[in-house]
Structures are given as C-alpha cells and as structure tokens.
Amino acid sequence: MTVSSLAARVVKTPPPLVLVIFGASGDLCARKILPALAELANRGRLNERFSVVGVARTEWSDDDFRQVALKADPTSGETWAQLVGSFRYVTGEYAATETFDALREVLADADERLGTSGNRVYYLATVPAVFGLVAEALAKEHCNVPGEGGEFVRLVVEKPFGRDLESALELDGRLHRAFHEDQIFRIDHYLGKETVQNVLALRFANAIFEPIWNRRYVEQVQITVAESIGVEHRGGFYETAGALRDIVQNHVMQVLALTMMEPPTWMDAEHIRDEKVKLLKAVAIPSPDEAVDRAVRGQYLGGTVEREPVVAYREEEGVDPKSETETYVALRLYVDNWRWAGVPVYVRTGKRLAARVTEVALQFHEVPFLAFEGSLSRQLRPNVLVLRIQPHERISLHFGAKVPGEAFRVQSVSMDFGYEKAIAETGMDGYTRLLFDAMIGDPTLFIRADEVAQAWRIVDPYLHAWAEPGGGLHFYPAGTWGPHIAELLLQRSGDAWREPVL
Ligand code: BG6
C-alpha cells in the first residue's frame with residue numbers, strides 16, 4: 001500500500017506492521033524515535049496490530065529495551081505502557097547471520113501473536129558507517145521482500161547520508177542493490193516540520209505571492225538556521241561532520257529548494273521532488289576561487305549564551321583541542337535560472353549563536369523613485385517577507401508606514417501572522433509525522449536519491465576548498481551572530497545580514 005500525496009491525509013492508522021529499529025540502544029532511538037512512537041500511540045494513530053523490535057550490539061534484554069521505551073512517554077500513559085509490553089530486543093552484530101536468525105524468530109512470533117502479516121519497516125538508526133552493511137545484510141537474509149502474507153518492506157535511513165558526493169553515491173549504490181528506490185525513505189526531519197511544509201501553502205495556495213516571487217521583485221534571499229546550543233554530548237560525531245555537512249547539505253538545501261522551486265504540477269511525492277531537484281540543479285557551482293570567496297567558516301570560542309557562561313568548541317567533550325571543524329558556515333549562492341538569475345541567496349548556520357531561530361527572508365527591491373524629501377525618508381527600508389520556521393512560527397511582512405506628525409517620517413513596521421494564535425490545531429512533531437508517513441508509505445516528505453546527490457554537488461566545492469591550506473577558520477565568541485568577517489560576504493554587494501526580530 002502506498003499513499004503519495006500531501007493532499008491524501010485521510011489515513012487514520014498505518015496498516016499492521018512491525019517496526020525494526022537497528023541501533024535501538026542508541027541515543028537517537030531514545031531521544032527521537034521512541035517518543036515519536038509514544039506520541040502516535042497517545043494520539044490513537046497506531047494500528048492495533050503493531051509492535052517494535054530493537055536490534056543493537058549492546059547486550060540488553062527485552063526488559064531493558066522496554067524500560068527505555070517506557071521513559072519515552074512524558075504522560076506515562078496506559079496505552080503506551082501496554083504497547084511497550086510487546087516490544088522485543090535482539091542483541092547482535094549487525095551483519096551476522098545469527099543476528100538475523102534471532103530476528104527472524106522474533107518477527108515470526110510477532111506475526112503469529114499480533115497478526116502483523118509480514119509487513120516491515122526497517123529503521124537504520126545506527127552509526128552511519130554501517131548503513132550500507134545493514135541494508136546488504138537485510139537483502140542477503142531475504143528481509144528486503146515481504147514475508148508470507150505481507151505487502152511491503154521499507155527502509156528508513158537517517159542522516160547523514162554520505163560525507164560528500166562520492167560517498168553518498170557509493171552508499172546509494174549499496175542501498176539500491178538491496179532495495180528499490182521506492183522502498184527507501186531518507187529522513188530530513190526539517191521536512192516533518194509544519195512550518196517548512198507551510199512554505200508550500202504560502203506560495204501555492206495564495207495568488208498574491210507568486211507574481212512577485214522572482215528576480216524582478218526580490219533583491220536577495222537570506223536563510224538562517226541559528227542554534228544557541230553547542231554540540232552537547234555529540235562532540236565525537238560533530239568532529240567528523242561540521243556545520244556544512246550537518247545542516248547546510250540537508251536542512252538548508254531543503255528549505256532553499258522549497259522556497260525557490262517552480263510550482264509543482266501536483267502536490268505529490270514525484271512532482272514536488274522533481275521540482276526540488278530541478279531547482280538544486282540550477283544552484284551555481286563555484287570555481288575553487290569563488291568557493292573561497294563566497295564562503296565563511298567559523299568556530300565558537302567561549303562566551304555567554306542566554307546569560308550562561310559556555311565553553312569553547314575546542315573544550316567540548318570528544319573534541320580535539322586543536323580542532324579545525326567548523327561550527328558556523330555562511331555562503332553566498334546563486335540560482336542560475338530564469339526566475340532567480342543574479343539574486344544572491346545568503347545562507348548561514350551556526351551553533352552557539354545569539355539565539356535559536358530558523359527563518360527565510362525575502363528582501364524586495366527598493367522603490368524605483370522616492371517622491372519625498374531625502375532627509376525625511378532616509379529610514380525607509382526595503383520590504384521584507386519573513387517566514388519564521390522556528391520558534392514562534394509566523395509569517396511577517398515588513399513595510400514602511402508614516403509616523404504621525406507634520407514631518408514626513410517613515411518607520412519600518414510589520415504585519416504578523418502567528419501560527420499559535422491563529423490556528424488552534426497543533427500538528428505532530430517532525431519526527432512523529434515522518435515516522436507515520438513511512439509507516440503509511442507516503443514518501444513526499446522524504447529525500448529522493450537524486451536530491452541527496454544534488455545537495456552534495458552544491459556543498460562539495462566548499463569541502464574541497466577548505467581542505468586546501470588557507471581554507472581559513474574564523475573564531476567567534478559564543479552568544480554572537482558569528483565571525484565578523486561574515487559581514488563582508490554581504491557588504492561587498494551593499495547588503496547586510498538581517499538581525500532576526502526575536
Ligand atoms: C540535526 C543536527 O540534524 O538538526 C543537529 O544534526 C541540530 O546538530 C539539529 O542541532 C537541529 O534541529 P532542530 O529541529 O532543533 O532545528
């Protein structure tokens with residue numbers, strides 16, 4: 001069974017199935033997957049014939065896994081507790097035949113007891129290094145096709161998907177030898193966020209925005225994904241990633257594609273993803289010199305964030321004291337197509353910045369002629385449309401209004417639409433939504449193989465440029481908006497970063 005349209009949201013519960021989580025003793029499972037399942041259970045959005053099997057190398061019993069699962073429900077509800085009672089756990093090496101023998105036994109038992117009919121969703125929540133290995137082992141053990149009476153087998157793959165274009169293509173090759181593309185659900189949790197999906201509603205359910213959504217009216221685009229947190233307990237992982245791989249290659253590219261793509265013919269998986277790929281293909285690839293010139297990479301020093309003193313990145317647990325890993329990136333990109341040619345797209349992301357805020361801002365051209373006396377209109381600023389993705393999701397339009405009085409003074413004001421106030425309904429959390437979609441077989445909010453490749457094609461030149469001697473790293477005190485030099489990226493074109501209105 002597949003459902004592949006954003007409009008087809010009438011499915012109350014997924015079909016009977018067993019969710020098999022590889023990496024079940026890990027952090028991601030405890031922090032994201034199990035709480036998402038608990039939310040679905042509490043909302044009555046799971047089939048009665050559903051259960052979970054955890055697989056990992058850590059020696060746990062069924063009961064150890066169930067104890068961790070119980071903690072995932074903040075309401076300590078009866079529904080979840082009952083469901084957790086059926087969870088099973090298999091200890092073993094990921095590619096070992098014995099692991100799969102044990103898994104097969106547990107799954108057969110679930111099918112018999114619960115009537116889960118051989119339907120499976122395998123979730124790869126392991127370290128990325130073994131994604132390919134587990135997929136291949138699943139195929140070798142014939143777990144890539146539905147068992148007796150089953151209709152589907154799906155594979156959910158976490159990020160990061162590769163380290164660069166070459167490794168992503170290699171991983172895809174391995175996955176495709178084991179599973180068909182339509183069985184593979186690559187996660188980018190930003191796509192599960194309601195406000196990211198709302199970009200589509202704003203653009204394509206309203207007549208007034210689309211006519212001005214192009215180079216004739218838009219002077220520049222800014223995408224900010226700022227975090228106030230540091231690397232927390234993930235220093236070891238982050239050392240192998242950095243901000244470009246961790247945020248730009250996936251979350252930023254998805255937001256950029258949805259904001260700038262052409263209207264899809266239909267709001268379904270194939271059409272939306274076709275348009276995203278087309279847009280990503282149009283993002284200009286810089287020459288090696290341009291890659292140095294159009295990018296800034298930074299790393300946080302100690303400082304104060306939200307009134308608390310915090311340590312420098314190099315002092316974080318699991319981080320090399322001489323680390324050259326970037327915790328901040330700013331880029332100037334261009335989209336070479338009819339709609340956007342010549343419009344700079346400034347993107348920035350960083351950890352330990354002044355605030356947590358994700359937003360897209362479209363700044364429009366200035367008025368062609370000012371019919372007021374210069375001194376009175378100096379404060380007139382260009383119009384800006386801001387799509388605030390988080391926190392306090394909202395859409396704001398900034399424009400100039402006259403300050404009352406005889407003098408003709410203009411002040412910048414804003415018109416705001418806040419989600420919380422305007423719409424009482426609350427959607428599911430991003431992970432919850434994506435897990436549900438994987439279980440009902442809707443791939444719309446998952447990343448297709450060609451999208452991943454295009455996104456790597458865009459960021460690869462910066463990875464290469466930074467690997468060269470002189471691929472400079474600029475430091476910034478925690479709690480600021482990043483290295484000063486990032487201002488220059490915009491000043492050269494007479495632009496400036498927007499200070500988000502918090
Ligand atoms: C993850 C990154 O993909 O996204 C993390 O690995 C980052 O480093 C997180 O903190 C941000 O997600 P959100 O939903 O808090 O914006």
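This report walks through the domains, core, ligand site and some individual residues of a predicted model.

## Ground rules

Residues are numbered from 1 along each chain as its sequence is written, and side-chain values use heavy atoms, with hydrogens and water left out. In this predicted model, local features need pLDDT of at least 70 and side-chain atom pairs count only at pLDDT 80 or more, while totals for chains, interfaces and linings use all residues.

## Domains and the core between them

Let's start with the overall layout. The protein is divided into domain 1 (6–158) and domain 2 (191–366 + 450–489), with bounds that come from an automatic or database domain assignment. Taken over C-alpha atoms, the centres of domain 1 and domain 2 are 33 Å apart.

The largest nonpolar core has 149 residues. Such a core is a set of buried Ala, Val, Leu, Ile, Met, Phe, Trp, Tyr and Cys residues joined through side-chain atoms within 4.5 Å; buried means under 20% relative accessible area, exposed over 50%, and partly exposed in between, with a 1.4 Å probe and protein chains only. Phe-22, Leu-37, Trp-80, Tyr-123, Val-221 and Trp-340 have the most contacts inside this core. Helix α9 (residues 243–260) gives the most to the core, with 11 residues. Domain 1 (6–158) and domain 2 (191–366 + 450–489) both give residues to this core, so it lies between them. In soluble globular proteins, nonpolar side chains tend to be buried together.

Leaving aside neighbours within four places in sequence, Trp-80 is in contact (heavy atoms within 4.5 Å) with Leu-34, Leu-37, Ala-38, Ala-41, Asn-42, Ala-69, Leu-70, Ala-72, Asp-73 and Phe-87.

## The ligand site

For Tyr-190, a side-chain N or O atom is 2.6 Å from an oxygen atom of the ligand. For Lys-159, a side-chain N or O atom is 2.7 Å from a ligand oxygen atom, and a polar side-chain atom of Lys-351 lies 2.8 Å from an oxygen atom of the ligand. On its own the ligand has 400 Å² of accessible area, of which the protein covers 83%; such areas come from the Shrake-Rupley method with a 1.4 Å probe, and for residues only the protein chains shown count as cover.

Lys-159 is joined to Pro-160 by a cis bond with omega of about -5 degrees, and Pro-160 sits in the loop between β5 (153–157) and α6 (165–178). Helices (H or I, at least four residues) and strands (E, at least two) are DSSP runs, numbered from the N terminus. The bond from Gln-390 to Pro-391 is cis as well, with omega near -15 degrees, and Pro-391 is in the loop between β13 (384–390) and β14 (394–403).

## Buried polar residues

Gln-220 lies in strand β7 (residues 218–226) and counts as buried at 1% relative accessibility. Its side chain makes polar contacts with those of Gln-222, at 2.8 Å, and Asp-495, at 3.2 Å. A polar contact is a pair of N or O atoms within 3.5 Å; within protein, one must be able to donate a hydrogen and the other to accept it, and residues adjacent in sequence count only if both atoms are side-chain atoms. Not counting residues up to four places away in sequence, Gln-220 touches Val-343, Pro-344, Tyr-346, Ala-361, Leu-362, Gln-363, Asp-495 and Ala-496.

Arg-498 is in the segment after α16 (485–491) and is buried at 15% relative accessibility. Beyond neighbours within four places in sequence, Arg-498 contacts Gln-222, Arg-348, Glu-359, Ala-361, Val-384, Val-386 and His-398. Asp-437, in helix α14 (residues 430–440), is buried with a relative accessible area of 0%. Asp-437 and Gly-192 are 245 residues apart in sequence and 9.4 Å apart in space, C-alpha to C-alpha.

## Positive phi in two loops

Ser-76 is not a glycine, yet has a positive phi of about 45 degrees. Ser-76 is in the loop between α2 (62–70) and α3 (78–84) and is exposed, with 63% relative accessible area.

Glu-306, also not a glycine, has a positive phi of about 45 degrees. Glu-306 belongs to the loop between β8 (295–305) and β9 (308–310) and counts as exposed at 57% relative accessibility.
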